[in-house]
Amino acid sequence: MAGSGSGSGSGGGRGSGPVRVRRVYDPPEPRADGTRVLVDRLWPRGVSKERAAVDRWLKDVTPSDELRGWYHQDRSGARYDEFVDRYRTELDDSAHTEAVTLLLGLLDGDTPVTLVTAVKDIDASHVPVLVEYLEHARTHRAGSD
């Protein structure tokens with residue numbers, strides 16, 4: 001997934017198909033990217049708003065400052081499994097509800113949605129957890145219609 005520009009997952013439900021993930025430092029692909037949503041708490045270093053070409057910046061869909069800080073205290077990767085569990089729990093809490101609902105609404109539309117991030121190692125970040133969470137929510141909602 002990292003930096004490839006390809007979608008991830010099966011998409012599973014309504015909407016425009018799989019969630020795409022791209023790095024903000026890669027040139028935008030307007031037709032393929034559709035709606036570009038920045039999913040980092042901090043604005044990417046050295047990137048202008050024009051160059052980022054994001055349509056939305058959903059800070060509240062990212063891990064809390066506390067969780068992000070805890071995870072980054074140990075760069076060995078030993079905390080990743082616990083980070084995943086804690087972030088999934090956060091995504092269900094009231095502080096994340098509005099942003100998650102907004103993102104799910106975008107995914108239910110007819111336009112592709114691309115999650116944009118500045119992280120170097122996407123696979124060891126919050127992004128795959130978010131993608132999995134969104135795809136699970138879409139599948140679950142589609143099954144309840």
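Which backbone oxygen does the side chain of His126 reach? In this predicted model, the answer is the backbone oxygen of Val39, at 2.6 Å. Here is a quick tour of that histidine, the nonpolar cores and a loop valine.

**Around His126**
- His126 sits in the loop that links β5 (113–117) with α6 (127–143).
- With a relative accessibility of 9%, His126 falls under the 20% cut-off, so it counts as buried.
- Beyond residues up to four places away in sequence, His126 touches Val39, Asp40, Thr62, Pro63, Phe83, Tyr87 and Thr117.

**The largest nonpolar core**
- This core has 30 residues, and those touching the most other members are Val37, Val61, Phe83, Leu103, Leu115 and Leu130.
- Two or more residues each come from β2, α3 (65–72), α4 (80–91), α5 (94–107), β5 and α6.
- The most comes from α6, with 7 residues.

- Val24 belongs to the loop between β2 (19–23) and α1 (30–33), and it counts as buried because its relative accessibility is 1%.
- Although 23 residues separate Val24 from Val47 in sequence, their C-alpha atoms are 8.1 Å apart in space.
- Leaving out neighbours within four places in sequence, Val24 is in contact with Pro44, Val47, Ala52, Val116, Thr117 and Ala118.

How values were computed: Residues are numbered from 1 along each chain as its sequence is written. This is a predicted model: local features need pLDDT of at least 70, side-chain atom pairs count only at pLDDT 80 or more; totals for chains, interfaces and linings use all residues. Side-chain values use heavy atoms; hydrogens and water are left out. Helices (H or I, at least four residues) and strands (E, at least two) are DSSP runs, numbered from the N terminus. Buried means under 20% relative accessible area, exposed over 50%, partly exposed in between (1.4 Å probe, protein chains only). A polar contact is a pair of N or O atoms within 3.5 Å; within protein, one must be able to donate a hydrogen and the other to accept it, and residues adjacent in sequence count only if both atoms are side-chain atoms. Contact means heavy atoms within 4.5 Å. A nonpolar core is a set of buried Ala, Val, Leu, Ile, Met, Phe, Trp, Tyr and Cys residues joined through side-chain atoms within 4.5 Å.
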